[in-house]
Amino acid sequence: MKTMACKQLGGACDKIFQSNTFDEMAQLSKQHGMKMFEQKNELANYILKL
Ligand SMILES: [Zn+2]
């Protein structure tokens, strides 16, 4: 089992990813990055509506 932090994978937070393969690790990181991106967009939309 490999363990890597979001930061080590080029991300902005300290979330820890665990996986057996590097490919899986990359997928987890990618999915997490997309989720963070969506949350940021939602926040931006919310602020624009205020
Ligand atoms: Zn992150």
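Because the model is predicted, local features need pLDDT of at least 70, side-chain atom pairs count only at pLDDT 80 or more, and totals for chains, interfaces and linings use all residues. Residues are numbered from 1 along each chain as its sequence is written.

Start with confidence. pLDDT is the predictor's confidence in each residue, from 0 to 100. The protein has a mean pLDDT of 89, and 100% of its residues reach 70 or more. Strand β2 (residues 16-19) has the highest confidence, at 96. Helix α1 has the lowest, at a mean of 88.

Now the layout. The protein holds two strands and one helix. Read from the N terminus, the order is β-β-α. Helices (H or I, at least four residues) and strands (E, at least two) are DSSP runs, numbered from the N terminus. The protein is more spread out than a compact globule, because its radius of gyration is 13 Å, well over the 10 Å that the globule rule gives for 50 residues. That radius is taken over C-alpha atoms, and the rule is 2.2 Å times the number of residues to the power 0.38. The C-alpha trace spans about 45 × 15 × 15 Å along its principal axes.

Follow helix α1 next. It covers residues 22-49, 28 residues in total. From first C-alpha to last it reaches 41 Å, close to the 40 Å expected at 1.5 Å a residue. The expected span is 1.5 Å times one less than the number of residues.

How much of the protein is buried? Of its 50 residues, 4% count as buried. A residue is buried if 20 or more other C-beta atoms lie within 10 Å of its own, exposed if 12 or fewer, and partly exposed in between; C-beta atoms are placed from the backbone. Helix α1 is hardly covered, with one buried residue among its 28.

Ala 44 is found in α1. It counts as exposed because it has 10 C-beta neighbours inside 10 Å. Its C-alpha lies 31 Å from that of Asp 23, 21 residues away along the chain. Tyr 46 is also in α1. With 9 other C-beta atoms within 10 Å, Tyr 46 is exposed. Its C-alpha is separated by 22 Å from that of Cys 13, 33 residues apart along the chain. Lys 49 has 6 C-beta neighbours inside 10 Å, so it counts as exposed. Lys 49 and Ser 29 are 20 residues apart in sequence and 30 Å apart in space, C-alpha to C-alpha.
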